[in-house]
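The entries follow in the order of my look-ups.

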Amino acid sequence: MASGMLLDETPLFDPSLLQELDWSSNTVSFSPAISPSQPGEGLVLRPLCTADLDRGFYKVLSQLTVAGDVTEEQFKANFEHMKKSGDYFVIVVEDTNLGQIVATATLIIEHKFIHACAKRGRVEEVVVSDVCRGKQLGKLLVSTLTLLSKKLQCYKITLECAEKCGVL
């Protein structure tokens with residue numbers, strides 16, 4: 001491993017963006033009630049950080065599609081590119097009891113010339129680990145990223161989905 005390639009807790013984006021979301025404007029109902037700040041017992045919803053590579057981030061992604069074999073260096077380089085661009089918002093749910101990532105979703109901001117150079121949000125790669133399905137986490141991730149896209153002034157948001165879309 002190259003020096004300075006250490007995996008750490010540096011978030012992909014400012015966590016305060018999630019903390020400042022106005023959850024009261026969320027229109028989706030949750031039963032029992034959960035929110036980004038209280039996603040469930042022992043769970044934390046937060047931005048992706050490089051240390052999540054060792055917390056099973058790829059194990060969760062591989063339940064969605066072929067994640068591929070990625071070296072620590074590749075992961076770190078991609079992370080840095082995404083962080084620098086400021087247009088990638090990958091959120092994860094960590095089970096703090098297991099120290100494992102159990103869900104993730106990505107919001108990508110596209111810059112348009114239309115609508116007076118507006119921004120559009122795209123939600124992709126929504127996946128919940130099979131051990132955590134049925135806890136409304138998919139719905140929570142999509143609702144969180146929808147509110148985040150509004151906060152980031154996107155004029156619209158779309159959910160990219162494979163043909164065999166799972167149920168949120």
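Is Cys132 buried or exposed? I worked from a predicted model. In it, Cys132 is buried, at a relative accessible area of 3%.

Entry on Cys132 and bonding. I looked for a partner for its sulfur and found the closest cysteine sulfur in Cys49, 18 Å away. That distance is too far for a bond, because a disulfide requires sulfur atoms within 2.5 Å.

Cys117, accordingly, takes part in no disulfide; I found its nearest cysteine sulfur in Cys154, at 14 Å. I also looked up the accessibility of Cys117: this residue is exposed, with a relative accessible area of 53%.

Entry on the length of α5. I noted that helix α5 covers residues 137-151, which is 15 residues. At 1.5 Å a residue the helix should span 21 Å, and I read 21 Å between its end C-alpha atoms, so the two values agree.

Entry on the burial of α5. I recorded the helix as mostly covered, with 11 of its 15 residues buried. Among the buried residues I listed Leu137, Leu140, Leu141, Leu145, Leu147 and Leu148, and also Gly138, Val142 and Thr144. Ser143 and Ser149 are buried as well.

Entry on the neighbours of α5. I traced the packing of its buried residues to α1 (16-19) and to the strands β1 (43-47), β2 (88-95), β3 (100-111), β4 (119-128) and β5 (154-159).

Entry on what follows α5. I noted Gln153 after the helix, with a positive phi near 65°.

Key. Residues numbered from 1 in each chain as written. Predicted model: local features only at pLDDT ≥ 70, side-chain atom pairs only at ≥ 80, totals over all residues. Heavy atoms only, no water. Helix = DSSP H or I, 4+ residues; strand = E, 2+ residues; numbered from the N terminus. Expected span 1.5 Å × (residues − 1). Buried < 20%, exposed > 50% of the residue type's maximum accessible area, 1.4 Å probe, protein only. Contact = heavy atoms within 4.5 Å.
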